Amino acid sequence: MIVCICNNISDRQIKKLVEDGTSRFGELQTKLGVSTNCGTCRTLAEEILRNHTLSLRSNESSFIQSPPIPAFQGT
Ligand code: FES
C-alpha cells in the first residue's frame, strides 16, 4: 500500500526500515523522504512506525520469555 503519494513510499518500505532499527519518525523522513512534502501521510506513517515497532518488540519478548526446551533424558 502506498502511504506517501508525493514520494511514492509504501508501508513495506517503512516496515523494512523499522526492522533494520529505525525507531524515530525523523529517521523515516531522512531515509525515505516520507512526509517531506504536503504532510498528508504523516499520521498514517507514524501509525505504521509505532505499530510495527510494537509488533517486533512483542515478538522479541515472547521469544525471550519462552521456557527452555527440556533436554532429552534417555531411557
Ligand atoms: S503524501 Fe506524503 S508528503 Fe505528501
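**Entry 1: a loop residue.** I began with N8, which lies in the loop between β1 and β2 (9-10), where strands (E, at least two residues) and helices (H or I, at least four) are DSSP runs numbered from the N terminus. This is a predicted model, in which local features need pLDDT of at least 70 and side-chain atom pairs count only at pLDDT 80 or more, while totals for chains, interfaces and linings use all residues. Residues are numbered from 1 along each chain as its sequence is written.

I looked up the backbone of N8 and found a positive phi of about 55 degrees, although N8 is not a glycine. I noted beside this that most residues other than glycine have a negative phi. Is N8 buried or exposed? N8 counts as exposed because it has 10 other C-beta atoms within 10 Å; the terms are buried for 20 or more other C-beta atoms within 10 Å of a residue's own, exposed for 12 or fewer, and partly exposed in between, with C-beta atoms placed from the backbone.

Entry 2: S35 is buried, since 22 other C-beta atoms lie within 10 Å.

**Entry 3: the overall plan.** I read the elements along the sequence and wrote down the pattern β-β-α-α-α, that is, three helices and two strands. Of the 75 residues of the protein, 19% count as buried. I also checked contacts (C-beta atoms, placed from the backbone, within 7 Å), and among those between residues at least 6 apart in sequence, 51% join residues at least 24 apart.

**Entry 4: the core.** Which residues make up the largest nonpolar core? I listed 12 residues in all, namely V3, C4, I9, I14, V18, L28, L32, V34, C41, A45, I48 and L49, a nonpolar core being a set of buried Ala, Val, Leu, Ile, Met, Phe, Trp, Tyr and Cys residues joined through C-beta atoms within 7 Å. Two or more of these residues come from each of β1 (2-4), α1 (11-19), α2 (25-32) and α3 (42-64), and α3 gives the largest share, three residues.

**Entry 5: V18 and L49.** I followed V18, which is placed in helix α1 and counts as buried because it has 20 C-beta neighbours inside 10 Å. Leaving out residues up to four places away in sequence, V18 touches L49, H52, T53 and L56. I noted that V18 and T53 are 35 residues apart in sequence, yet their C-alpha atoms are 6.5 Å apart in space. From the side of L49, with neighbours within four places in sequence set aside, the contacts are I14, V18, F25 and L28.

**Entry 6: α1 against α2.** I looked up how these helices pack and found an angle of about 115 degrees, with axes 11 Å apart; axes are lines fitted to C-alpha atoms over the stretch in contact, and angles run from 0 to 180 degrees between N-to-C directions. Q13, I14 and L17 in α1 meet L28, K31 and L32 in α2.

**Entry 7: T43.** T43 and V3 are 40 residues apart in sequence and 9.8 Å apart in space, C-alpha to C-alpha.

Methods
Contact = placed C-beta atoms within 7 Å.
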